[in-house]
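Have the structure open as you read.

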Amino acid sequence: MSSRSPLVLFMRGLRQRCPVCGKGKIFKGFFKTYERCPVCQFVFEREPGYYTGAIAINLVVTELLIVAVAVPVAASQAFSIPAMALIGAVLCIGLPLLFYRPSKSLWISLDHVIHPVEE
């Protein structure tokens, strides 16, 4: 399989590795990304506003998971209204934080599939 195949790039995104070389880490802290790949010097943020797509991915995944949990819980009426509000608040705050890194690294990989750069 080629190093530019969508499947390889998707797997690199899930592993939070550089889409070009597959070895360099994207993150140096929980929220902080490297400006460049430590191995191949690929620039992660290509332009201002680059991570807007990552925000969209995070938003869609979070909303789908909230609906997948909230609708059955509300339909079952197993919890009181305050308990459902607490569950909803935890999901609305926790899921975007949980998916922050994967959505950002998947966006970098997806953009590399669409707009590859020369190695």
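A crossing of two helices is called right-handed if the near helix is turned clockwise from the far one by less than a right angle, and left-handed if anticlockwise. With that in hand, keep in mind that this is a predicted model. Here, the crossing of α2 and α4 is right-handed, and the crossing of α2 and α3 is right-handed too.

**α2 against α4**
- The axes of α2 and α4 cross at roughly 130 degrees and come within 8 Å, which means α2 is oblique to α4.
- On the α2 side, the contact uses Gly53, Ala54, Ile57 and Asn58, and α4 brings in Tyr100, Ser103, Lys104 and Trp107.
- Sorted by class, that contact has four nonpolar, three polar and one charged residues.

**Serine 103, on α4**
- Serine 103 sits in helix α4, which spans residues 100–114.
- With a relative accessible area of 5%, serine 103 is buried.
- Its side chain reaches the backbone oxygen of tyrosine 100 at 3.0 Å.
- Leaving aside residues up to four places away in sequence, serine 103 touches Ala54, Ile57 and Asn58.

**α2 against α3**
- Helix α2 (residues 52–76) and helix α3 (residues 81–98) have axes that come within 9 Å and cross at roughly 160 degrees, so α2 is roughly antiparallel to α3.
- Among the residues making this contact are Asn58, Thr62 and Leu65 of α2, and Met84, Leu91 and Cys92 of α3.
- By class, the contact of α2 with α3 has ten nonpolar, two polar and no charged residues.

Conventions. Residues are numbered from 1 along each chain as its sequence is written. This is a predicted model: local features need pLDDT of at least 70, side-chain atom pairs count only at pLDDT 80 or more; totals for chains, interfaces and linings use all residues. Side-chain values use heavy atoms; hydrogens and water are left out. Helices (H or I, at least four residues) and strands (E, at least two) are DSSP runs, numbered from the N terminus. Buried means under 20% relative accessible area, exposed over 50%, partly exposed in between (1.4 Å probe, protein chains only). A polar contact is a pair of N or O atoms within 3.5 Å; within protein, one must be able to donate a hydrogen and the other to accept it, and residues adjacent in sequence count only if both atoms are side-chain atoms. Contact means heavy atoms within 4.5 Å. Axes are lines fitted to C-alpha atoms, for helices over the stretch in contact, and angles run from 0 to 180 degrees between N-to-C directions. Angles under 35 degrees count as roughly parallel, over 145 as roughly antiparallel, 65 to 115 as roughly perpendicular and the rest as oblique. Ala, Val, Leu, Ile, Met, Phe, Trp, Tyr, Cys and Pro count as nonpolar, Asp, Glu, Lys and Arg as charged, and the others, Gly among them, as polar.
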